[in-house]
Amino acid sequence: MNRSTLIQNLLDDPQKQFDILVIGGGATGLGIALDAVTRGYKTILFEQSDFAKGTSSRSTKLVHGGVRYMAQGDILLVIEALHERGLMLKNAPHLTANQEFIIPVYTFWDVFLYTVGLKFYDLLAGRLSMGKSYFINRSRALKRLPLLKSEGLKGGIVYHDGQFDDSRMAVALASACVENGGTVLNYFRVNTLLKDEKGKITGIKAKDIETEKEYSINSRLVINATGIFADEIHKMDDPSSKPTIRPSQGVHIVIDHSFLQSSSAIMIPKTDDGRVLFAIPWYGKVVVGTTDTPLETITLEPRALDEEIDFILNTAGNYLTNPPKREDLKCIFAGLRPLAANPDNPEATKEVSRRHKITLSRSGLLSIIGGKWTSYRRMAEETIDKGINAGIIENKKCITRNFSFNANDKPVESDRLRIYGNQASEIEMMIREQPVLGELIHQKLPYTKAEIVWICRNEMPRTLEDMLARRTRSLFLDARASAEAGPVVAELMAKELGFSSSWQESEISRFKNLAINYT
Ligand SMILES: Cc1cc2nc3c(=O)[nH]c(=O)nc-3n(C[C@H](O)[C@H](O)[C@H](O)COP(=O)(O)OP(=O)(O)OC[C@H]3O[C@@H](n4cnc5c(N)ncnc54)[C@H](O)[C@@H]3O)c2cc1C
């Protein structure tokens, strides 16, 4: 992916006429763009910030059917998501993993309830099951989770679900779009929808945030995949449109692995506010969350509320012998769920279905809101099919069910580099040729200088934050260390991407200020 080349190609295209234009570069938009381009449509996507800057880098990182949605009776959603879980693990094995979860149980009723419930979950997964669920007694549960509180413990229910790296999956989708002939541009904001004399949408106007240059692009189909920002695009289409999104904030904390000391994750099926809470090993740390707080304000940088952090710490503290405290937190991150508003009960967000909604406006704007990361592929297929069924684009067959991302087909010496798929060997080669590139960017972060250079050359990072938050997960793993790594990384980026020393200075200070919000 090379941003200048993609922009130059666009400038060289006299018609600037596309079949499909996607607004929004999160899981939903990138999934749609990949579906479209692999069907053979001429496709372009605009993201106002960086890919996955919004909700798509702030998830719990689960590829799952959703045990909780099953408990809520949303069985169809669970079956669909379990199917998609299977496809995602098969098609992107380098970015996903089979994760063992244990539900600690303290009453015999819970032993019965969760054993039966998870057997049903297994059943719904069918042949795409990731492993059978089963009960383990108290001593085996404590062997697998040595820091679990033992008082009153009856045992644990073991089950399997998928785990992934959300923002790297987004970058994999963007790369795959470009490899297949599509155009995906970050830091391009769509400001206006263009219409013909009959009021039908014919394209958009978008501004390159870096140069302030405005572009007019024509497209037969324009898709609004802007997540929590969907209503802004609806307003561009019809200023009198009613709100369709009810944002709900979910917060996670990241702590050292020493608080869990296990490769198994913990799933707490019923917190005081009726949610589930996960503590999941991730890149040598543990991600704990989440919350469900209805909010009024929509922003790209949501901030965790003190009560949300306290709630997670208190709940985790009820289960762990060495409870983490405020000062132990490596990172606090918040994300906004783009839930479809429930007109009958606008306050309720826990109960709002996570199912996506696709709508077509009178002017031809196709919008998709809600949904889950896990279901991105199916959501994309349904969206493009809707455009076909509405007669806006011609019929072409979806091929993403078996679309394989750059999975490792060559041996990778370092298992950690598996996230780069079959390109990991290029990074290994760089380190062999220039051993200094094998140095870590910070002693508390797992990333090497070679990865920074390779990412600059291949994955279109434009800011220090793109590199430290989403190409590498430094900010999420250890916010303080990531800020300390800023100068080294900014220097490498400036050299690779041709940025000035003033760019370095301003990026270091901007990132430092951002990282404070994650501590
Ligand atoms: C706390 C939390 C935990 C979650 N955990 C999981 C999980 O474990 N597993 C799972 O499957 N799902 C999970 N989800 C759900 C999943 O993360 C979301 O469904 C998904 O990321 C939404 O993606 P999106 O593309 O619709 O939205 P976003 O990722 O927010 O993308 C929308 C993009 O549109 C861009 N945009 C907006 N306006 C414009 C414009 N005018 N021009 C150009 N671009 C624009 C924004 O910058 C943004 O990047 C979780 C969600 C939350 C909040």
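How many residues surround the ligand, and which are the closest? The shell holds 37 residues, and the closest are T28, E47, S56, L62 and T374; a residue is near the ligand if one of its heavy atoms lies within 4 Å of it.

Before I continue, a word on the basis. This is a predicted model, in which local features need pLDDT of at least 70 and side-chain atom pairs count only at pLDDT 80 or more, while totals for chains, interfaces and linings use all residues. Residues are numbered from 1 along each chain as its sequence is written, and side-chain values use heavy atoms, with hydrogens and water left out.

Let me stay with the ligand. The shell divides into twelve nonpolar, 19 polar and six charged residues; here Ala, Val, Leu, Ile, Met, Phe, Trp, Tyr, Cys and Pro count as nonpolar, Asp, Glu, Lys and Arg as charged, and the others, Gly among them, as polar. An oxygen atom of the ligand is 3.2 Å from a polar backbone atom of A27. For Q48, an N or O atom of the side chain is 3.0 Å from a ligand oxygen, and for T55 a backbone N or O atom lies 3.1 Å from one. Taken alone, the ligand exposes 1,000 Å², of which the protein buries 97%; areas come from the Shrake-Rupley method with a 1.4 Å probe. Helix 2 (27-39) and strands 8 (188-195), 11 (245-256) and 16 (331-340) are the elements giving two or more residues to the shell. Helices (H or I, at least four residues) and strands (E, at least two) are DSSP runs, numbered from the N terminus.

I turn now to E451, in helix 12 (residues 449-458). E451 counts as buried because its relative accessibility is 0%, the cut-off for buried being under 20% relative accessible area (1.4 Å probe, protein chains only). Its side chain makes polar contacts with the side chains of Y420, at 2.6 Å, and T448, at 2.8 Å. Such a contact is a pair of N or O atoms within 3.5 Å; within protein, one must be able to donate a hydrogen and the other to accept it, and residues adjacent in sequence count only if both atoms are side-chain atoms.

Finally, the protein as a whole. There are 16 helices and 18 strands. Of the 519 residues, 59% count as buried. The C-alpha atoms fill a box of roughly 70 × 55 × 45 Å along the principal axes.

Definitions and conventions: Buried < 20%, exposed > 50% of the residue type's maximum accessible area, 1.4 Å probe, protein only.
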